[in-house]
Amino acid sequence: MSLDNKWHKFINENETKVVGIVVCLDFKQRFLIIRRSNIDNRGGMWTIPGGHIDKEDRSIESGAVRELDEETNLLCNTENLIFLGQPKPNKFYFLTQKWDGAVKVNKPNPKTGAIEHDSWKWATIEQIKDIHIMDPKEMYVGNQMWIWEKPKEGHRYILGCDVSRGDAE
């Protein structure tokens, strides 16, 4: 089976799987975003690291941390994750500000051998807004996360998730 067919079979078989996404926020208040390679129709889209939770993963958190490592080469402990919310069914978002390693995105997927991402950068919310300009109240990074420009009083929003309460809007 060719790499292309193997990749498409892999993503189509798992469309309803649970997904864990890790938002990495550095000390300069920048988010790690990664660009999809031309492996599928999402090529060129910027997104947040994350992916399918496998049956071998002990928890959604451990699967999210595994995906972070697979996609970015960053190592993070599950205890360093803050649950941000579940804005869509089966999509769980976590925040971390603690990790080890240097970002490297050209790692092959361990199950398919495909290179899923071809670039990365640290970006502020303002820079992310410039990547995908949409409705001023909601901005998307790929098709995963959104940013609220005007958070409710007393709440701190990070890419659409209210971390002061631990839930998504």
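Which residue forms a salt bridge with Arg66, and how far apart are the closest N and O atoms? In this predicted model, the partner is Glu70, and the distance is 2.9 Å. Arg66 and Glu70 are four residues apart in helix α2, so about one helical turn separates them. Both residues are buried.

A search of the whole structure finds eleven salt bridges. Three of them are listed here.

| Salt bridge | Closest N and O atoms |
|---|---|
| Arg66 and Glu70 | 2.9 Å |
| Lys17 and Asp54 | 3.6 Å |
| Glu116 and Arg36 | 3.6 Å |

Lys17 lies in the loop between α1 (3–13) and β1, and Asp54 in the loop between β4 (50–52) and α2, so this pair ties together parts that are 37 residues apart in sequence. Lys17 counts as partly exposed because its relative accessibility is 25%, whereas Asp54, at 9%, is buried. Glu116, in the loop between β6 and β7, and Arg36, in strand β2, are 80 residues apart. Glu116 is buried at 10% relative accessibility, and Arg36 is buried at 7%. A network of salt bridges links Lys17, Asp54, Arg66 and Glu70, among others including Lys111.

Strand β2 also belongs to an open sheet of three strands, in the order β3-β2-β7, with antiparallel pairing. The edge strands are β3 (46–47) and β7 (117–123). Two bridges join β2 to β3, and Arg35 has Trp46 in β3 as its bridge partner.

The largest nonpolar core has 15 residues. Helix α2 gives the most to this core, with three residues. Leu68 is one of the residues with the most contacts inside the core; its contacts include Val22, Cys24 and Leu74. Another core, of 13 residues, lies apart from it and includes Val19 and Ile128.

Notes
Residues are numbered from 1 along each chain as its sequence is written. This is a predicted model: local features need pLDDT of at least 70, side-chain atom pairs count only at pLDDT 80 or more; totals for chains, interfaces and linings use all residues. Side-chain values use heavy atoms; hydrogens and water are left out. A nonpolar core is a set of buried Ala, Val, Leu, Ile, Met, Phe, Trp, Tyr and Cys residues joined through side-chain atoms within 4.5 Å. Buried means under 20% relative accessible area, exposed over 50%, partly exposed in between (1.4 Å probe, protein chains only). Contact means heavy atoms within 4.5 Å. Two strands pair if DSSP finds at least two bridges between them. A salt bridge is a side-chain nitrogen of Lys or Arg within 4 Å of a carboxyl oxygen of Asp or Glu. Lists of a residue's contacts leave out its neighbours within four places in sequence.
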